[in-house]
Every structure is written in structure tokens, then in C-alpha cells.
Amino acid sequence: MRYELEEGTSTKRGAQWDGSGVNFALFSANATKVELCLFSEDGKEELERITLPEHTNDIWHGYLRGVGPGQRYGFRVHGPYEPEKGHRFNPNKLLLDPYAYAHIGSVIWDPAIFGYEMESMDDLTFDERDSAPFVPKCIVVDPNFDFSGERGRKNIRWEETIFYEAHVKGFTKRKPDVEEHLRGTYAGFAQQSVIDYIKSLGVTSIEFLPIHTFVDDNYLLEKGLVNYWGYNSIGFFAPDPRYAADRTNTLKEFKELVARYHEAGLEIILDVVYNHTAEGNEKGPTLSFKGIDNASYYALVPDKRRYYINETGTGNTLNVSHPRVLQLVMDSLRYWVSATSVDGFRFDLGTILGREIDGFNPQGGFLKACSQDPLLATVKLIAEPWDCGPGGYQVGGFPPGWAEWNDRFRDTVRDFWRGHAPASALASRLAGSGDLFNRAGRKPWASVNLIAAHDGFTTNDIVTYNEKHNEANGENNNDGISENRSWNCGVEGPTDDPEINALRVRQIKNLLATLLLSQGTPLLVAGDEFGRTQQGNNNAYCQDTDISWLNWDLKDRGKQLLAFVQEVIALRHKFPILRRGRFYTGVYNEALGVKDLTWINATGQEMQERDWADSTTMCFGMLMDGRAQKTGIQRPGDDATLLLVVNGYHDLVEFTLPSSYGGDEWALLMDTNLEVNRGGTHTLHKSGEQYQVTGRSVLLFALKSENAQAGNY
């Protein structure tokens, strides 16, 4: 190869092409030498091995004039192999650049990819075999690629946001209106038919399961399975090529996907895994960080540095307390925002990122860095606020500006609809979980409400199975949680019983209506809108099969549920009072003469302490007064007044419609016991009238009032 080696610069990590050559820079505080390895286009032949000439502030760097985009490369890093001191350098192992923007190839589980002699299972031994034939290679990319369409973000207001969790592959793998060679790819997800469908739902923000490059665990491959969900990252800057229709242009293909969704007014959110990597514990492979500077990149047991702190349950924990590791994560986040224009991030096991020496700290280094960053201030930041470590459960504990997955919402709603939670427990969840989030000026949108997610039962399976059925995972049904907070309505699994099937449809509607009509930010899982099933599998992390892929052959039941979800989402968008920017207080505002929220019992009167204390109270109403103050400015609101009626009782309840200021007629907008009202006309009912509320159902009424402007009812 013809190139000219120069000193280069340490200012930016990774491989940076400037039009004339490439600057390579790698952080390692404990290395003694770093070699850059250049490979052929197919990644099979090592063409050159060049020692990086300069070492500045723990950064090893050099510039190769004449090298450009498309070049395959990796690193070999020299240093002490002293596992008991935390050092695992082995220059026989080809290492991925932590800042690589693209990868090619996949991990082949040969013994050579381990830094020790794997056959001995003694990690104190030193392996001399070359791992290059068995590991992916990095690719130099052109940073100047421009989108063929609109690239600016839409910045959808939090109050208007509805998340839609989807898997890039599983969503289109069986979608008949996507060309077969594009199914399961970024390009397939960017097809107009897919965008049109998502737009028709009314959701605003697609939350992708991890797309950072990740590794399939060997124990899964040996069973014919894969790491389908992708929570096993090895590259924080590179989109995984397995989802690309054109793998040589993976980054371009992903950027085009983002552009297409922005043109449609939709957001793209990435589920990111910065808490651990695919290198596992001391017995795991050496693919990147472990061989570059194990003692810096990973949290090690202080007095036994051979071993890893494992607060993730995966074998290792990324050490974001180290300034260079923190910089890596922050650089990665900023890269995805600035280079690909994504609209936000959901942080897997987010509590770990806030851990300091003394445990979780909402003012920890990573959370402080995010809070002050001007670029990240323009996107959505969502935490999964728990991990496996001590004090790991932190729902409501993240700083202002963050949203958090609210599993208390999930558990309470599931329990209520199976008869295991009282009305008092459900009420606070309907009202935005102010008991958890109403502090420091946080808003109801900070609570990301969910009924189901990628892990656990689908909403259909919540009402179809009492027990998990994970036999397909090859672990004798021992994996996955056993407590699902589910109720099968009387029969385990599918049935031909029409009464049970009708009840299951109504229960699905109840769960989804509760989700979509509660204060906070709803998260809907792709396929739940038409009753997708995983056949009772509550841990389908390894199922790249029909168990996980969406089945688009919708029967009447699926079409009915889809129409219902579209109707309820349309109601949420139409009536701002369902997505307020202020928490309800239930306190009478003397200046305005209005009470923002009143809880109503079945007699049409305000709920009293005895009603809340009565465990048999399963039918109640949530009266949201449209005149209530909407912002910090003390003035009356102009929203519609709505009444949400929830009946968790198994039988019919005669519910007296309450009196409310501004009108005496209530229009029925939705009843989970009725078919979708496609005509747009709503039956009217007088205040004081008894409405027969079907057992296990949800209803929404609007008061016909001259006060209402927003929502126009």
C-alpha cells in the first residue's frame, strides 16, 4: 500500500478522514505500544501493521496520508498481561476500535478470540493464537455523507409524545407489502408502506431495540438461537450491519431511514446499552475494550482486580466513572444526534450510569454531563431506572429533564385488571404518578407508562396465559420471570370458547385504554395494537423466529383491536386534558373557583376516604375539569371536561353520571364493551342518569360545554 505516516493528533478518537488521509487515535492509559492493522476489502488478509508513532495524554495516535473511506482496520495493543492486577493486554488479539463508525463481519467463536488459553478455562494463562480471522473489522467512513432528504429533527413536544417500541428486523420480516429482499432491514423499515402504517396509528416516536453492533453469544449459537434483542453491544458508534440490505453502506442506510421518518414528522429513539459490553467476565473473549485497557474501561473488584463488578447480570460493568470512558459514552451520544439526527435515547439499566463509589447518585458524573450538554438538551433522554446492584431500583429518582420507564404503572394496571389491586392504587397511576415524579418542576411526561415491553408477555398474552411458556428458548422453561401479573380469563392459552375470547378482547382494550388515557407518556409495543402473541414466551430475547416477528395476516379480531387503538390514540391527540403539562392536585383553586380533578364513586358523588378504603370499590370515575389552570399562569383553562370511568368489577355496575359546571349532558366517546364508533356521532346522556357499565370495561365521556375550546366539545 502507498501511504505516508505522520504524527497526527490526539484531539479526536477513532478513525477520522479529512479528504487526504486518516487520523487514527486510541485511548489506553496502561498500554506500552499500539499497532494499527490494515486489512483487505474482504477483511481476510492483514496487509500492513503500523506502530502508532505518538503518545499524548494517554492517547496513541498517527496519521496515514493516502488512506481513505472503506479501509478495513483494527488494533493490536501491547502491555502487561497481569489479570490479577486488572491488565489483560495481548497483541495476538485483533481489537475493534471503540470509536469505529462501521463494522464488517461477525464474531466466530474460535478459541483464538480469548486472551487466555480457553481450553484450560484458566484466565491466568496467555494465548498466542491470532484472533484476526475470527473477529469483525472496523471500516473508515466518509463523514460528509448527506441525507437525500430532510435531516432536521422535529422535536415533538413531550406532552404530545407516544412511544412505539419496535425491532428493526421483526417488524418487517413478514410484512407482505415490503419487498422480500428488504424485509428485516433498515431500508425495509424506511419503506413508505411501513411509514404510512405507523402514521395511521397516531404514535409519534419509534423506539428501536438496540442497533449498536452487538454479538451473538456462543451458548445461543450452539442451540441454533441468536441474541435477537441486541442487548450485548460491542460498538457504540456503529449501526449493526446485520440489519442492512447493503452491508457495505450500513451507516448510509440507517441515516436514510432517519431522514424518511423525519419527513413524515416522526421521531427515532435508540435503545442504548452503555452499562456493559459483549466481552463478559474474566472468562469472556477479548474483542475490544478488554484488550485495549481492561483496568480503565471496566469496573473491577477493588481488592481482587482479576474479577469484574457485575451489576448488570451480564458479567461486566462499564466504568463510566473513568473520565475517558465517560467521554466515550458522551461522544457516542453526541455522534448519533449530530451525525444521524436521532431524536433521543432510552438507556438500558440506566441506574448503572448514575452509580458512583457510594451507589446511585442523581448528581453523578454521567447524569451531570448529560444535564449540562447543550446538544443532548435538544433530544429526549429516557432511563430504565433499575439495575441488579444494591439500591438499583430508582424509579422517580433521576434528575429533572429525564423521563423514566414506570414499572409501577405496569404492575398496578396489570394487577387492577386481574382483580389484585384496589382503586386507590390505580388512581395515582391514572393521574401521572405524581407520588413518584412530582418534584423539582418535573412534569407528568416524566412517567413513561407501559403495559408491556420487549421483555415479558405481550398485552395479548397477559390475558391469555397465567404461566410462562419459554420451552423454545432451550432452558427447560427455567428462564424468564415466573410472576407475570397476568390472568388467562379461565383457560391457559388459545381457546374456542366465545365468552372467554370476548372477555380477552375486552381486557386487551381495557389495558390499552388505561395506558393511552392516563397522564404521562405512553409506550406501545409494536403489534400490541392488533393482539400480537409470543405464544406465552415471556423472554423471547433469543427468538429470531415467528415467535418474535410480527404476523401481518390480521384476522377480524386483530382488525377490531387495531381500529380501537387508532380511535383511542386519536382521542388522546384531540383532547389536551388527557396529556396535561401539570400534575393534577385534586385541590380546590379558590382564585379560579375550580378543582382540577375529582374522583367519583358509582353514585355520582365525590369519593370519600371510606370509598378508597373499601377494597370492593372497583368502579370509579376520574373527572377532569377543563377549566383547570393549565400552566403556571393563573387563568382558567379552555379544555373539554372529561370523565374517565373504570370498572374492574366482574359484573355490570350502574354508574350515575355526575353534575359538572358548564353543561348537563355527557357524550360517550368510548366504551371498551362497544365496537369502534366510525360514524363520529356520540350518544348523549344527562347528568344524574345511570349508565350501565359493563363488567371489566373502560369508558370515556365528554361534557357538552360552551367553555371547551381545546378539543372542541
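This is a predicted model: local features need pLDDT of at least 70, side-chain atom pairs count only at pLDDT 80 or more; totals for chains, interfaces and linings use all residues.
Student: Which element gives the most to the lining of the largest pocket?

Tutor: The largest pocket has a volume of about 1400 Å³, and 47 residues line this pocket, with W229, T312, G313, T314 and N539 the closest to its centre. Two elements give two or more residues to the lining, namely α4 (218-221) and α9 (407-417). The element that gives the most, with four residues, is α9.

Student: How many residues in the lining of the second largest pocket are charged?

Tutor: The second largest pocket holds about 420 Å³ of space. Its lining comprises 20 residues, and A299, I309, S321, E356 and I357 lie nearest the centre. By class, 11 are nonpolar and four are polar, and the number of charged residues is five.

Student: What is the volume of the largest cavity?

Tutor: The structure holds five cavities of 30 Å³ or more. Among the 18 residues that line the largest cavity, H167, H454, V525, R532 and S548 are the closest to its centre, and β13 (163-166) and α1 (168-172) each give two or more residues to this lining. The volume of the largest cavity is about 180 Å³.

Student: Which elements supply at least two residues each to the lining of the second largest cavity?

Tutor: This cavity contains about 60 Å³ of space. The residues lining the second largest cavity include R414, W417, R418, Q507 and L511, and by class the lining has five nonpolar, two polar and three charged residues. The elements that each supply at least two of the lining residues are α9 and α13 (498-517).

Conventions. Residues are numbered from 1 along each chain as its sequence is written. Side-chain values use heavy atoms; hydrogens and water are left out. On a 1 Å grid over the protein atoms alone, a cavity is a set of points where a 1.4 Å probe fits but cannot get out, and a pocket is an open set with protein on both sides within 12 Å along at least five of seven lines; lining residues have an atom within 4 Å of a point. Grid points are joined across faces, edges and corners, and a volume is the space filled by probe spheres set on the points. Ala, Val, Leu, Ile, Met, Phe, Trp, Tyr, Cys and Pro count as nonpolar, Asp, Glu, Lys and Arg as charged, and the others, Gly among them, as polar.
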